[in-house]
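Hi everyone, thanks for coming.

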Amino acid sequence: MEAVCPVCMHHCRLKPGQRGVCRARVNQGGQVIDENYGWVTSLALDPIEKKPLKRFCPGSLVLSVGSYGCNLRCPFCQNHDISMAGPEGADAVYLSPGELAKKAWACKKAGNIGVAFTYNEPLVGWEYVLDTAKEVKSYGMDNVLVTNGTASPLVLDRLLPYVDAMNIDLKGFRDGYYQKLGGDLEEVKTFISQAVKGCHVELTTLIVPGENDSPEDMERQARWIAALDPGIPLHVTRFFPRYQMAGKKATDVETVYALADVARGHLNHVFVGNC
């Protein structure tokens, strides 16, 4: 029996046993489940600034966890070995929500504030995020989400009561650019608009030469963000050659600083990264 996955804009129509675009969700007996539930590929105690979050618990650490799978196809992905993997290609160990929450609590003395769901796209396995976030909250700790912002409003609505902070990738501000990455700009804008009503949100735009580096795009983007709230922090970061763009030059530092200055014309908190 075919089933349609409701989690993101792809609405993958899956035959029994078939996985979606994200490689993490599968039709099992007519129901689409997150096959990556509990399977952890990466676990590290990171500075909160690495997410990046500059205005949420600065100076703290957060236990960062990743699985496998992603519903976008960014050719510059820094974590393509896990984000573009399925279960066969992922070197993973199983951690239940309760086990992960206990690990977070055990790190509290080292300065840990909770758990960050990151590295791959966490919302392709949002059920695990939700179950773990509830466990983390039972210890009085925080949940952080680092996401591409393409999940449906229904998924976000389920998660928001348990999420304290997000960094959301706003990869550019043109429909055509998002289509090249396998995404949808309007879906991301809807996600951001909903998220800022429920938790602390910071945004990140990676500047890729010749793709999303025009001052006009940044002007429109910054105006749109400011209309939501000029206090939303924006991280403007520098591209380095990765994955399928390994042969491309890194973004000029001057370009990153110039685009950050454009954004500062509308936003109160603009940060430059990787320069």
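β10 and β11 run parallel and are joined by four bridges. Strands here are DSSP runs of E with at least two residues, helices are runs of H or I with at least four residues, and both are numbered from the N terminus. Two strands pair if DSSP finds at least two bridges between them. Within this pair, V144 stands opposite A165 in β11. To get from β10 to β11, the chain passes through helix α4, residues 153–159, in a right-handed β-α-β crossover. Right-handed means that, with the strands pointing away from the viewer, the path from the first strand over the helix to the second runs clockwise.

Before I go on, a word on what you are looking at: this is a predicted model, where local features need pLDDT of at least 70, side-chain atom pairs count only at pLDDT 80 or more, and totals for chains, interfaces and linings use all residues. Residues are numbered from 1 along each chain as its sequence is written, and side-chain values use heavy atoms, with hydrogens and water left out.

Back to A165: is this residue buried or exposed? A165 counts as buried, at 0% relative accessibility; buried means under 20% relative accessible area, exposed over 50%, and partly exposed in between, with a 1.4 Å probe and protein chains only. The strand around it is mostly covered too, with four of the five residues of β11 buried. A165 is eleven residues from L154 in sequence, and their C-alpha atoms are 18 Å apart in space.

On to β12. Five bridges join β11 to β12, again in parallel, and I168 stands opposite L203 in β12. β13 and β14 also pair in the parallel sense, over four bridges, and L234 has V270 in β14 as its bridge partner. Here the chain crosses from β13 to β14 through helix α8, residues 253–264, and this β-α-β crossover is right-handed.

For an antiparallel pair, look at β3 (residues 25–28) and β4 (residues 31–34), joined by four bridges. V26 stands opposite I33 in β4. The two strands form a hairpin with two residues between them, and G29 in the turn has a positive phi of about 65°.

Now the pocket. A pocket is an open set of points on a 1 Å grid over the protein atoms alone, where a 1.4 Å probe fits, with protein on both sides within 12 Å along at least five of seven lines; lining residues have an atom within 4 Å of a point.

Which residues lie nearest the centre of the largest pocket? They are K51, Q78, N79, V146 and D169, out of 36 lining residues. β10, β11, β12, β13 and β14 each supply at least two residues of that lining.
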